[in-house]
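Please open the model in the viewer and keep the selection panel at hand.

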Amino acid sequence: MTSSLQTTAVSIRSPRAGTTADERPRRIRLARLGPRWRTAGGTAAGIGLAALVWSVVAATGIFPRQLFPTVAQILRAGQTLWADDLLISDVAASLRRALFGLAVGAVAGVVAAIVTANTRTGRGLLQPVLRLLAPVPTIGMVPLAILWFGIGENSKILVIALGVFVPVWISSHSGFAGTPADYLQAARCLGAGRWQTLMRVIVPEAVPDVVAGVRVGAAMAFVLIVVSEMTGTTAGIGYRIYQAQLFSQADRLIFCLLVLGVLGAVCDLLIAASTAPIQRWAREVN
């Protein structure tokens, strides 16, 4: 009698146990996809809410329709740019300038931070000069860049690189200079040389600060692309914004600003995703 009861209990539990085993991989997959879906859903909800608020304000008529276009008018302006084969060429030109300026400014900022944080000469000579130049508005450097390099591509890339350099240097310097003294003492006790200490202790410890500076620099690159493309070019999102302002085309201007925002957000997500494996200890929810 006891054996039959045990057999019945096993037969009742076994489908449940089997179902649990079958559902476990599925639950794991859902758990992995959950945050991504929540992020995508939150982004879509935020964009929808912003569009709704904009539509309500536009419908009230508080602002002239020419200066405060509806969402439909903004989308039609973007469709016109696409139909005229202007949108792709403008995006390509702005991306090329922004990414090249970002690369130059980021590399220069990290190298300068290593020098100012880890060498006496850098702390004594280079750091005071950079602290003096850091508060200077990058936009104010545009006339000087044009005087030095003309109105061609070099002046535009220089302006963007300078704007990227400052946040990258400040954040990276803080990371390199903030390495705990215990880590440095332990490396010396283990016989590590100066180069080994830099590459195996200081740099890994400063990676989150360097990445944070690069992400801020990337945002600055897309801000400065507008200023740098206002002169000496006939293609680019900044040039298109300037033209829309001259001809009072608010719908086209707003659409171009949205395009810049999307490009900057995608660039930030790519930087965060590509650097996540080397800073697992400082991962954030994006």
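Begin with the lining of the largest cavity, whose residues divide into 5 nonpolar, 3 polar and 1 charged. In this classification Ala, Val, Leu, Ile, Met, Phe, Trp, Tyr, Cys and Pro count as nonpolar, Asp, Glu, Lys and Arg as charged, and the others, Gly among them, as polar. The model is predicted: local features need pLDDT of at least 70 and side-chain atom pairs count only at pLDDT 80 or more, while totals for chains, interfaces and linings use all residues. Residues are numbered from 1 along each chain as its sequence is written, and side-chain values use heavy atoms, with hydrogens and water left out.

**The largest cavity**

Select Val142, Ala145, Ile146, Ser155, Lys156, Val159, Val227, Ser228 and Thr231, which line the largest cavity. Helix 5 (142–149), helix 6 (153–177) and helix 8 (194–228) are the elements that give two or more residues to this lining. Helices (H or I, at least four residues) are DSSP runs, numbered from the N terminus. About 60 Å³ of space lies in this cavity, and the structure holds 1 cavity of 30 Å³ or more. On a 1 Å grid over the protein atoms alone, a cavity is a set of points where a 1.4 Å probe fits but cannot get out, whereas a pocket is an open set with protein on both sides within 12 Å along at least five of seven lines; lining residues have an atom within 4 Å of a point. Grid points are joined across faces, edges and corners, and a volume is the space filled by probe spheres set on the points.

**The second largest pocket**

Next select Ile47, Ala50, Ala51, Trp54, Val71, Ile74, Leu75, Ile254, Phe255, Leu258 and Val262, the lining of the second largest pocket. Helix 1 (2–60), helix 2 (71–83) and helix 10 (250–275) each give two or more residues to this lining. The pocket has a volume of about 420 Å³, and its lining comprises 11 nonpolar, no polar and no charged residues.

**Helix 3 against helix 10**

Leu87, Val91, Leu95, Leu99 and Leu102 of helix 3 meet Phe255, Val259, Leu263 and Cys267 of helix 10, where contact means heavy atoms within 4.5 Å. The residues of this contact are 9 nonpolar, no polar and no charged.
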